[in-house]
Amino acid sequence: MTETMHAVVLDAPGPTTSFHVRDVPLPRPDPGWVRIRVRAFGLNRSELMTRQGHSGAHVTFPRVLGIEATGTVDEDPSGTFTPGQQVMTMMGEMGRRYDGGYAEYTCVPVGQVIPFSSELDWATLGAVPEMLQTAYGSLTDGLDAQPGRSILIRGGTSSVGLATAVLARRLGMTVLSTTRNPARAQMLLDLGVDHVLIDDGEIARQVRAILPDGVDTAIELVGTATLPDTLRATTRHGVVCFTGMLANEWIVREFEPMHFIPRGVRLTAYSGEASDLPTDVLQQFLDDLAAGTAKVPIDIVHGLEGVAGAHARMEAGTSQGKLVVVV
């Protein structure tokens, strides 16, 4: 076996031109770690922030970024997994404290490896891990979602938004989902969304035209700019989970809690780990994808050489779905 591999290396924070595809030493799995032959990975905004230098002093360089990866087990000293077994991995400081998924191989702790079985193409599979973990964790930890309740998905045509809709419908919730593009409304309806709202920046009144008391729960995927309106769309004793920043806005400036949060509405946040995603939830979602009852919006599929261009597209906000790299 070769002793080197191709990887996308970030020498130091900077523009997309700071990425370089190089031959680097093949990583060796320590006891309790698994080496994965990466077949595909999705790109995430947290990686954009790391590339820009916003992830803290604990991130050292040069570094191989990537908080998720999908592929097959190459070597597992613990014997937990079989070589060739299909697996996904995510989070756990991948691409921050240790090298991540932007490579032909990556080594991760055995506890953050999730097995699955699927005949879907690698591009589709590579789009799933972080997207599904975020959707499931937001519903469970962030919202304590329950059958029969209603949910507003702010940013509904994002990959996390679509996954949340599938999981919420399976749970028996009434789903309201937003899109800024009327042409994408049918995609949401085809997933089983009950009410599609065209987002002009203020959707609280649209929500209350359907549910006069407001929604029971809401997941905010757009960012802090739309969060106040999402809070206003929520019923008293309802819960809003702040999960995403599609609009690149994390910070609430001049935050005044008494003014910002409506009386009786609860505001939570979600950011989780691989352990938050049960194996059976992952497998069921992949089966739904194969059956056509779930969808993953994929923008453009790149190779390792295309990572810099994919980052530029993500930074410009021009992508129309999950950016995926097939290795």
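**The whole chain**

Start with the cartoon view: the protein shows 10 helices and 15 strands. Helices (H or I, at least four residues) and strands (E, at least two) are DSSP runs, numbered from the N terminus. The radius of gyration is 20 Å, close to the 20 Å that the globule rule gives for 327 residues, so the protein is as compact as a globular protein of that length. That radius is taken over C-alpha atoms, and the rule is 2.2 Å times the number of residues to the power 0.38.

This is a predicted model, in which local features need pLDDT of at least 70 and side-chain atom pairs count only at pLDDT 80 or more, while totals for chains, interfaces and linings use all residues. Residues are numbered from 1 along each chain as its sequence is written, and side-chain values use heavy atoms, with hydrogens and water left out.

Show the C-alpha atoms alone. They fill a box of roughly 65 × 40 × 35 Å, taken along the principal axes. The accessible surface comes to about 13,700 Å², by the Shrake-Rupley method with a 1.4 Å probe. Carbon and sulfur atoms hold 51% of that surface.

Now colour by burial. Buried residues make up 53% of the 327 residues. Buried means under 20% relative accessible area, exposed over 50%, and partly exposed in between (1.4 Å probe, protein chains only).

Contacts come next; a contact means heavy atoms within 4.5 Å. Among contacts between residues at least 6 apart in sequence, 69% join residues at least 24 apart.

The mean positions of the 26 positive and 37 negative charges are 5 Å apart. Lys and Arg count as positive and Asp and Glu as negative; His and the chain ends are not counted. Each charge is placed at NZ of Lys, CZ of Arg, CG of Asp or CD of Glu.

**Aromatic pairs**

Select Phe, Tyr and Trp. The structure holds 4 aromatic pairs. Rings (for Trp, the six-membered one) pair if their centres lie within 6.5 Å; planes under 30 degrees apart count as stacked, over 60 as edge-to-face and the rest as tilted.

Pick Phe19 and Tyr102. Their pair is tilted, at 6.2 Å centre to centre and 50° between the planes. Phe19 lies in strand E2 (residues 19-25) and Tyr102 in the loop between strand E5 (86-90) and strand E6 (105-109), so the pair ties together parts that are 83 residues apart in sequence. Phe19 is buried at 8% relative accessibility. Tyr102 is buried as well, at 0%.

Move to Trp33 and Tyr98. The ring centres are 5.0 Å apart and the planes stand at 70°, so this pair is edge-to-face. Trp33 sits in strand E3 (residues 33-42) and Tyr98 in the loop between E5 and E6, 65 residues apart. Trp33 is partly exposed at 24%, whereas Tyr98 is buried at 15%.

Phe19, Phe41 and Tyr102 form one aromatic cluster.

Select residues 45-52 for helix H1. Its buried residues include Arg45, Glu47, Leu48, Thr50 and Arg51. Among the parts that cover them are strand E1 (4-10), E2, E3, E4 and helix H10 (307-316). Step just past H1 to Gly53, where phi is positive, about 95°.

Continue to Pro62, in the loop between H1 and strand E4 (68-75). The peptide bond from Phe61 to Pro62 is cis, with omega near 5°.

**Two positive phi angles**

Go to Glu93, in the loop between E5 and E6. Its phi is near 70°, a positive value in a residue other than glycine. Glu93 is partly exposed, at 27% relative accessibility.

Then jump to Asp144, in the loop between helix H3 (129-142) and strand E8 (150-154). Asp144 is another residue other than glycine with a positive phi, near 50°.

Select Thr134 in helix H3. Thr134 is buried at 10% relative accessibility. Beyond its neighbours within four places in sequence, Thr134 is in contact with Val160, Thr243 and Tyr270.

Finish at Val207, in helix H6 (residues 204-210). Val207 is buried, at 0%. Leaving out residues up to four places away in sequence, Val207 touches Leu152, Leu176, Leu197, Gly214, Val215 and Ala233. Last, draw a distance to Ser177: Val207 and Ser177 are 30 residues apart in sequence and 9.8 Å apart in space, C-alpha to C-alpha.
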